[in-house]
Amino acid sequence: MTRYVMVADLDRCVGCQTCAAACRQAYATEPGVQWRKVLDFEFGEYPDVQRVFVPVGCQHCADPPCMHVCPSTATGRRDDGIVTIDYDLCIGCAYCAVACPYQARSKVDRPAYAHGDEPTELERMQSNEKRIGVSQKCTFCAERIDDGLARGLTPGTDVDATPVCVNSCIAEALHFGDIDDPESKVSRLLARYNQFRMHEELGTEPGFYYLWNNRETARSQA
Amino acid sequence: MRFGDVHQRYWDWRAACNFMFGGTGGSLMFLTAAASYPESPPGLLGLVSLIIVGAGLALVWLEIGRPGRFLNVFLNFRTSWMTREAVAAAILFALAAAGVQWRLPAFIGLAGLAGLAFLYCQAMMLRASKGVPAWRLPAILPLVMSTGLSEGAGLLLLLFALTPAVPAWLSAVLLALTVLRAWAWWSYKAGLAGANAVRSGPQVLAGVHATMLIFGVALPLILLVSALGAPGAALHLNSIAAALVVLSGWYVKFAIVTRAARLQGYALARPRGPAAARPA
C-alpha cells in the first residue's frame with residue numbers, strides 16, 4: 001500500500017511563507033484563500049517565550065470527517081491517502097468546512113481578484129470557474145504526483161512528482177512521501193525524530209506530521 | 001496549546017433557520033400525527049408543518065454555492081446526515097401529501113415518524129460537525145431533540161388554541177417537554193464547559209443562558225402550572241407559555257449555529273518519541 005503524508009519540521013521552519021506563495025502561484029487561489037498557510041505562534045511568558053511557525057492545510061486524514069459528512073460524495077479519498085474534491089459534484093453546502101477540525105477548507109461564492117474587478121494576467125490564465133461556489137482545499141498537488149508517477153518518478157524525491165510547497169521550502173522544513181515505504185524520506189524522519197499530529201484525539205488520523213523539539217535529540221546524536 | 005480559532009463563516013442565519021424551522025415543523029408533524037392517530041389530523045396542521053419544514057429547506061437552498069445541483073444532496077446516504085435529512089424530508093412530504101390526497105391515516109402516521117426522523121437527522125448533523133466544538137458535543141443531540149419537540153408541542157397548542165377544542169393533555173405534554181429541555185440545556189452547557197471548548201463558546205452561551213432561563217424555562221413553567229389552577233384563564237396562559245417555548249427554542253438554536261460556532265483552531269501537542277511515528 002501507499003499512503004502519502006507530509007512532514008513539517010517546526011524546528012527548521014522560518015516562517016518565510018514561500019510555500020504559501022508557491023501554492024498560490026501554482027493554483028491562483030482567490031484572495032483570502034490559502035490552501036497552504038504558515039501560522040506564527042508565540043507562547044510562554046516573559047522571559048521564557050517561544051515562537052514557532054506552523055505550516056497547516058488539509059491534513060489528508062485517514063478517517064476524514066469532511067468525507068463522511070459530504071452529502072454529494074464530492075469529497076473522496078484515494079487509495080494513496082489523498083483526500084480529493086470533485087468540483088463537478090460539490091453543491092457548495094460547506095458542511096465539510098464545518099466538519100474539518102483543521103480549518104482547511106474554503107468556499108468562494110463569486111470570482112474575486114487581487115486588484116479590483118479585473119483579473120491579473122496570471123489570474124486570467126489560471127482562473128478555474130469550477131472552483132466557484134464549491135468547497136476547495138489543498139490537493140497535495142495530486143496532478144503533479146500522478147503525472148510524475150506516470151513518468152516513473154518518485155513523489156517526495158523527484159521535484160516533478162512532489163507538491164510545490166515542499167519544492168519551494170527554503171529551509172527544508174517540508175517533506176513529502178510514502179509513509180508505507182520504510183525507505184522513504186518521511187519514514188526515515190519519523191523514525192528518527194520526535195513528532196506529533198494535530199488533534200489526534202479527534203480520531204481523524206491526519207496524514208500531516210510535525211517534527212518538534214528535536215534540537216536536544218540532534219545535539220545528543222551529533 | 002490551542003490557537004488560531006476563528007468563527008465559522010459558512011453557515012449563516014439561513015442555515016440557522018433550517019434548524020429552527022426544521023425542528024419545529026418536523027416535530028409538529030410528529031405530534032400532530034400522534035395526537036390524532038388513528039384518525040387523520042386536521043389538514044391545516046399538516047400543511048403548517050410542511051410549510052415550516054419547507055421554509056427552512058428553501059433558505060438552505062439559497063445558501064448553497066451551486067443551487068442547481070441540489071439533487072446531489074441525495075448521493076451519500078451511507079454516511080452523511082445531511083443526505084439522510086434530505087431523504088427524511090422527501091419521505092415526509094411524500095407521505096403527508098399521499099395521506100391527505102387519499103385520506104390514509106396510516107400515511108399521516110408514517111409522515112409523523114418521518115418528521116421525527118428529520119429532527120433526529122438535524123441533531124446528528126450538528127453532532128457530526130467535528131470542526132466546531134460547540135456542535136460536536138454529545139449533549140447537542142438531546143438538546144436539539146428536546147427543544148424541537150417542545151417547539152412542536154408549543155406550536156401545536158397555539159394552533160389548537162384557534163379552535164374550540166384544545167386537547168387537555170397538550171399542556172401537560174408541553175410542561176413535561178419544557179422540563180426535559182431545561183435538563184438538556186443544562187447538560188449541554190455543563191458539557192461545553194467541561195469539554196474545554198474554544199473559549200468564546202461558553203462566553204456566548206452564558207449570555208444566552210440568562211434569556212433561556214427566564215423566557216425558556218421559568219416563565220413557561222410558571223404559566224403552565226398557573227393554568228392548572230385557573231381554568232378560566234388556562235387558554236391564554238398556556239398560549240403565552242407555548243409562544244415563549246417556541247421563541248426561546250429558536251433563539252437558542254440561532255445562537256448555537258451563528259454565534260457559538262468557533263472552529264476548532266490549531267494546536268501544538270507534546271511530541272512523542274520516534275518509535276511512535278507510524279500510525280497504528
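Start by selecting A:Gln17, which sits in the loop between strand E1 (4-9) and helix H1 (18-27) of chain A. The model is a predicted one. Look at the backbone here: phi of A:Gln17 is near 70°, a positive value in a residue that is not glycine.

Next, select A:Tyr46 and A:Pro47. The peptide bond that joins them is cis, and its omega is near 5°. A:Pro47 belongs to the loop between strand E2 (37-45) and strand E3 (48-56) of chain A.

Stay in chain A and show the side chains of A:Asp88 and A:Lys130. They form a salt bridge, with 3.2 Å from N to O. A:Asp88 is in the loop between strand E5 (83-85) and helix H3 (95-99) of chain A, and A:Lys130 is in the loop between helix H4 (121-126) and strand E7 (135-136) of chain A, so the pair ties together parts that are 42 residues apart in sequence. Over all chains, the structure holds 16 salt bridges.

Now bring up both chains and turn to the interface. Chain B gives 49 residues to the contact and chain A gives 59 residues. About 4,400 Å² is buried between chain B and chain A, and carbon and sulfur atoms give 58% of that area.

How many salt bridges are there between chain B and chain A? The count is two. For one salt bridge, select A:Glu200 and B:Arg272, whose closest N and O atoms are 3.6 Å apart. Polar contacts across the interface of chain B and chain A link 27 residue pairs, both residues being at pLDDT 80 or more.

Colour the side of chain B that touches chain A by element. Those that give two or more residues are helix H3 (81-101), helix H4 (105-127), helix H5 (133-136) and strand E2 (266-267) of chain B. Coloured by class instead, this side of chain B has 27 nonpolar, 13 polar and nine charged residues.

The last stop is a helix pair within chain B. Select helix H1 (residues 13-36) and helix H9 (residues 234-258) of chain B: their axes come within 9 Å and cross at roughly 145°. The crossing in which H1(B) passes H9(B) is right-handed. Show side chains on both helices. From H1(B), the residues in contact are B:Trp13, B:Ala16, B:Phe19, B:Met20, B:Phe21, B:Gly23 and B:Thr24. They meet B:Trp250, B:Lys253, B:Phe254, B:Val257 and B:Thr258 in H9(B). By class, this contact of H1(B) with H9(B) has eight nonpolar, three polar and one charged residues.

Terms used: Residues numbered from 1 in each chain as written. Chains lettered and ligands numbered in written order. Heavy atoms only, no water. Axes fitted to C-alpha atoms, helices over the stretch in contact; angles between N-to-C directions. Helix = DSSP H or I, 4+ residues; strand = E, 2+ residues; numbered from the N terminus. Left-handed = near helix turned anticlockwise from the far one by under 90°. Contact = heavy atoms within 4.5 Å. Nonpolar A, V, L, I, M, F, W, Y, C, P; charged D, E, K, R; others polar. Buried area = accessible area lost by both parts, 1.4 Å probe. Salt bridge = Lys/Arg side-chain N within 4 Å of Asp/Glu carboxyl O. Polar contact = N/O pair within 3.5 Å; in protein donor to acceptor, adjacent residues only side chain to side chain.
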